[in-house]
Amino acid sequence: SLHFFFFLFGLNHHTSFFLFRELNPNLKISDLFLALHGYQCRSVESCWFVQVAMVEVAGNTSKPFLDLGSFVGDLNVDDETASDDISLEGLEEELQECQADDVVANILSKGTTLREYTKGVENNLRQVELDSIQDYIKESDNLVSLHDQIRDCDMILSQMETLLSGFQAEIGSISSDIKILQEKSMDMGLRLKNRKVAESKLAKFVEDIVVPPRMIDIIVDEEVNEEYMRTLESLSKKLKCADADPTVKTSKALKDVQPELEKLRQKAVSKVFDFMVQKLYALRKPKTNIQILQQSVLLKYKYILSFLKEHGKEVYLEVRAAYIDTMNKVLSAQFRAYIQALEKLQLDIATSNDLIGVETRSTGLFSRGREPLKNRSAVFALGERINILKEIDEPPLIPHIAEASSKKYPYEVLFRSLHKLLMDTASSEYLFCDDFFGEQTMFHDIFAGPFSVIDEHFGTILPNNFDAIGLMLMIRIIHQHQLVMSRRRIPCLDSYLDKVNIALWPRFKMVFDLHLHSLRNANIRTLWEDDVHPHYVIRRYAEFSASLIHLNVEYKDGQLELNLERLRMAVDDLLVKLSQMFSKQKLQTVFLINNYDMIISVLKEAGPDGGRIQQHFEELLKNNTAIFVEELLLEHFNDLIKFVKTRGSEDPSTGTERPITIAEVEPIVKDFASRWKAAIELMHNDVITSFSNFLCGMDILRAALTQLLLYYTRLSDCIKRINGGSTLNKDLVSISSIMYEIRKYSRTF
């Protein structure tokens, strides 16, 4: 305890002694000696508190408690410092370190010895210790109270320890009980799970084979409706279970129930067969909207077909055959009636005589005259007929509405309408068969009749169709319809559309060849007209070629391009033959230029992509224009042109055998100066009357005047090289005057 006071309160041994004696009067002196031994006292007698203890041992117990103030005052610290154990080793180093200390320097400056200063400090420390001891004595009651509280807490904690130990023992026993209960629970859970599995299998078995009375009542007596369909599904499950599960087959319960299930199956099959046949007969009623009946009525009962397919295969095949027969007849009748109505709307465009090279003028009393231009213009020109390719997705024509408006249509319009109806009907039927019957192959059985009706119609139409433009439009329509069906992802019409396409191309080729042969075998004498303007046969060719080129822009059909090239060669030969019917070369050239220019104009109107054919005629036009320019200039300035061509390039300084003289040139110069303006006016009038295309005529006139200017410039250069040629300057027309005249006619252009 004395050690405790030393460390707890930071006291020296003197203070701790008195404080401890005050708190514990029963302290034994022997304990004090043991405690003092640990603090290395030099001798027991040198410690003043030991001396006090010795007095008490000697029996001076009647003496009152020690007076701290008087006793401390008699203490002598010299006795402690006189010990022989003091060592002066290292003193010199400590003195050197303390030399710079401010406190030591201050003491020495006052003349006070270190011993005296030490005594003063010791006295101050003792006084402080005494004051501290008094403070500790004042708090002795609190310390005793604190000691009692600690003792009480220790007792309480000891009781709690005992209680918790008891709890721990009880919890250990409870844990073992819980473990036993857990094992029992797991065992019971496993048995419960096994029983549930057995119960579910048994319940499923019972449910699969038991036939409820309500099921029998519905199948036998009730009408076919949604509840009947659900009952069929339940019956189907029971029938499948009896056939599929081998454990069920061997059960005695099934042997009792199976005859009843078979009776129900037969009754259900018979009843739904009668019901479906009745629904199929409704499709045969006139003016029935088949698609609406299929979607709103039949599809609701599509499970009936699944039931029949699984549990009544023979009856299913009968229903399937009845549907195929019904739809085949209904659709065939509808398409036949629609085709007959369309035929009343057909506008005849071309006949076997409406060919490019056939003369259509009246040649006899019974010959057919020209048809109205309104109808005949569509034979060779595409015109607004191209719009049909922009109306691919438009609804089919409604015949009675079109007939009420008294409108007639080219056959390609009727063709598109018929095939639009066919595509929509086929798409709807194909999807219905796939959804209702779960089959796609039966589509071809259903549409065998409609295809036959349409083929019969084409069998009468195509052999009498001589409209090449219409045939090419139908070919393009079929191509567009193939794209439509491809986008719909419905392949049911692929073979049919290919067959129609294969039938159209040979017919087009045959009609095209008729046009080609009409040009090659044309009667030139009957076709020729004493007129240099574009020939009507050549206009037919231009419109016909432009139409086919336009229809081939997006397709780049090589076979069609080859046929057009053959047609172009035939027209070239025909034009040359017709031009040769004119007696004058100039008229022949004018005739060719007019026809070439007309062909180019028509090709450009049809589209910018004239291709090789347009380039070919542009080259012919250029060559014949150059020929006509020369002929026109020779007609009015023959002497001038001959001189320039024959002698204009000679140089007089070279000493030729016959040099150019003034007398040779002067008549030419004076003749030109006297009539050049009048000659140009005549050339202008000639061009205006010769060429039907004003723009083409002005281009030719400008080319002729430009060529004339070149000839006259060469003549002027030749005169400058002649000796004495300056004498003709007064008769020469200035180049600027000729340029002015050319610009004047250019302004009129």
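Leaving aside its neighbours within four places in sequence, which residues is E429 in contact with? They are Q294, Y323, M327, I446 and F447, where contact means heavy atoms within 4.5 Å. The model is predicted, with local features needing pLDDT of at least 70 and side-chain atom pairs pLDDT 80 or more, while totals for chains, interfaces and linings use all residues. Residues are numbered from 1 along each chain as its sequence is written, and side-chain values use heavy atoms, without hydrogens or water.

E429 lies in helix α20, residues 411–436; helices are DSSP runs of H or I with at least four residues, numbered from the N terminus. E429 is buried, that is, under 20% relative accessible area with a 1.4 Å probe and protein chains only. E429 has no salt bridge (a side-chain nitrogen of Lys or Arg within 4 Å of a carboxyl oxygen of Asp or Glu). R320, the nearest side chain of opposite charge, is 11 Å away; Lys and Arg count as positive, Asp and Glu as negative, and His and the chain ends are not counted.

Beyond its neighbours within four places in sequence, L715 touches L640, F643, V644, V665, I668 and V669.

Notes: Helices (H or I, at least four residues) and strands (E, at least two) are DSSP runs, numbered from the N terminus. Buried means under 20% relative accessible area, exposed over 50%, partly exposed in between (1.4 Å probe, protein chains only).
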